[in-house]
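Work through the exercises below with the structure open beside the text. Each task is followed by a solution in steps.

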Amino acid sequence: MADYRKPLPIPDQYTQGYWDAARRHELVMQWCPHCGVYMFPPDPMCPGCNSLDREWKKVGGRGRVYSWFVVHYATHPDFAGDVPYAVVLVQLDEQEDLRVPGNIVGCRPEDIEAGMKVEVVFEDVTPEFTLPRWRPSEE
Amino acid sequence: MGTTFKDRTAIVGIGWTEYSRASGKSTLHLADEACKKAIEDSGLRVRDIDGVVTFNVNDSVSPQWVAASLGLPELRYHLERWGGGTSAPAMVADAAMAVACGLADNVVVFRSMNGRSGRRPGGSGEHPAPRGEDQFLIPYGWTSFVHACAIFARRHMVLYGTRPEHFGAVTIAARKHGALNERAQLRKPITMQDYLNSRMVADPFRLLDICLETDGACAVVVTSAERARNLKHRPVYIMAAAMGGGPKVSGFSPNTAGFLRTPSHGDTYAKYVAPHLFGMAGIAPKDVDVAELYDEMTFATIFQLEDYGFCKKGEGGPFVEGGRIELGGELPVNTHGGFLSEGYIHGLNHVVEAVQQLRGEAGLRQVKDAEIALSTGVGLTVGGALLLRR
């Protein structure tokens, strides 16, 4: 854990809650208390009703692989040792356009399929940061 | 409702520098050279220019420096757009609006960049801090604009069965055209086997799917339709312009962009821009003789053919097969070789090629009797386009 050398998120006032929840091994999404729309990435305003009110709401952490790519040549040197690695865009079960990027674990890149069910797992990469990732799920 | 934009202005001059991997020149130097050539080509004098327009992503020179360097006696209109691929057609439209509304008489529009030896806009060679949207991308190794495009391309493959061979057909056509273009950097024709053998960069994209990072500049001169008729070349009229996108568009962050909230990664900006563009021009896609489509990735050609209405949604892959987008085909696309062969001057080089085609000056790569050309700029969820006619 101590020698984790990859780039870490730089949270801001709109995203701190997301990363704080991840440290607790919870996946939360910004949610509009007025019209009930989830939004990711976080945004100061709800695009549905233009409310500036927002809350963090825990979500189930389940979804399906919507799209993905597999990096064979890393443009960022910190990832050069990981190739080939996959980045997936996961569509969460809560809302059709609620999509979260991340890495997939427990699945070879060549075995990824569109629509495959995945669930969130939490990796404590440093004492300060936990990265949500995704693994294949039967349910 | 009538329009006050259609056919009011024309492109009367074009100019370009050498396109290379290491210019050894500043972006001001490159801009000066391209603007000087475009102004000379127009038949106007440098002192007739009273507007300068450009765009950049903090990688180039401002219009003010170029105006001063050219020695313009007066600057009446200047605009420095911040933006990526969407911007080239949009800034030509900005210049046309300024001329049509009388804010300036003759505007030079340029894009100058050391996109290989200097700042590389695709994200290679620079590693910004994961702030903003990037904090959800970079920690996972989503570090390049290529990766964002790959998400759209994969989704298209999932939804419509688009295959690597479709991408290959686009890059083969680009090389075939580039072989006939003295400006092009990669002029050797390639085969499908060459394409399939090229190394995987970010699956589904191979090296030969991705544009050439390029040093260089090009420029065009925009003036009124009336003045254009008395200048050196046959005018190329700006029929129509459109820019923008649909709901939940994304901008370009310092390194990449996630486009995470777009309703469907199978659709792009062109779906929204096309009706305004063709509506203003009063023509249909079938009236377009040559299309210079922004091709930062092979895949961009495929989705634009669909979303501009040259074929049905999902049929862009089959459409590019069988030489249909090559010279002599149903719709010649990227007759200069595009970004994949000529070089990446961020879309303004596509406008330059469209003008050459409509003037009948494209030599061995001339589309016979080309009367109407489409030139586009892509930012995936946002973009822009011009329809030009002779």
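**Exercise 1.** Is the crossing of α1(B) and α2(B) left-handed or right-handed? Describe how the two helices pack.

Solution. The model is a predicted one.
- Step 1: locate the helices. Helix α1 of chain B covers residues 27-42, and helix α2 of chain B covers residues 63-70.
- Step 2: take the geometry. The angle between α1(B) and α2(B) is about 60 degrees, and their axes are 10 Å apart.
- Step 3: classify the angle. Angles of 65 to 115 degrees count as roughly perpendicular and those under 35 degrees as roughly parallel; α1(B) and α2(B) are therefore oblique to each other.
- Step 4: α1(B) and α2(B) cross in a right-handed way.
- Step 5: list the contact. From α1(B) come L28(B), A31(B), D32(B), C35(B), K36(B) and I39(B), and from α2(B) come W65(B), V66(B), S69(B) and L70(B).
- Step 6: sort these residues. Seven are nonpolar, one is polar and two are charged.

**Exercise 2.** Which helices does the salt bridge of R359(B) with D41(B) join?

Solution. 
- Step 1: R359(B) and D41(B) form a salt bridge in which the closest N and O atoms are 2.8 Å apart.
- Step 2: R359(B) belongs to helix α12 (residues 348-359) of chain B and D41(B) to helix α1 of chain B, so the pair ties together parts 318 residues apart in sequence.
- Step 3: for the whole structure, the count over all chains is 38 salt bridges.

**Exercise 3.** How many residues does each chain give to the contact between chain A and chain B?

Solution. 
- Step 1: chain A gives 40 residues and chain B gives 35.
- Step 2: about 3,400 Å² is buried between the chains, with 61% of that area from carbon and sulfur atoms.
- Step 3: two salt bridges run between chain A and chain B.
- Step 4: D43(A) forms a salt bridge with R261(B), with the closest N and O atoms 2.5 Å apart.

Note on methods. Residues are numbered from 1 along each chain as its sequence is written. Chains are lettered from A and ligands numbered from 1 in the order in which they are written. This is a predicted model: local features need pLDDT of at least 70, side-chain atom pairs count only at pLDDT 80 or more; totals for chains, interfaces and linings use all residues. Side-chain values use heavy atoms; hydrogens and water are left out. Contact means heavy atoms within 4.5 Å. Buried area is the accessible area (1.4 Å probe) that two parts lose on being put together, summed over both. A salt bridge is a side-chain nitrogen of Lys or Arg within 4 Å of a carboxyl oxygen of Asp or Glu. Axes are lines fitted to C-alpha atoms, for helices over the stretch in contact, and angles run from 0 to 180 degrees between N-to-C directions. Helices (H or I, at least four residues) and strands (E, at least two) are DSSP runs, numbered from the N terminus. Angles under 35 degrees count as roughly parallel, over 145 as roughly antiparallel, 65 to 115 as roughly perpendicular and the rest as oblique. A crossing is left-handed if the near helix is turned anticlockwise from the far one by less than a right angle, and right-handed if clockwise. Ala, Val, Leu, Ile, Met, Phe, Trp, Tyr, Cys and Pro count as nonpolar, Asp, Glu, Lys and Arg as charged, and the others, Gly among them, as polar.
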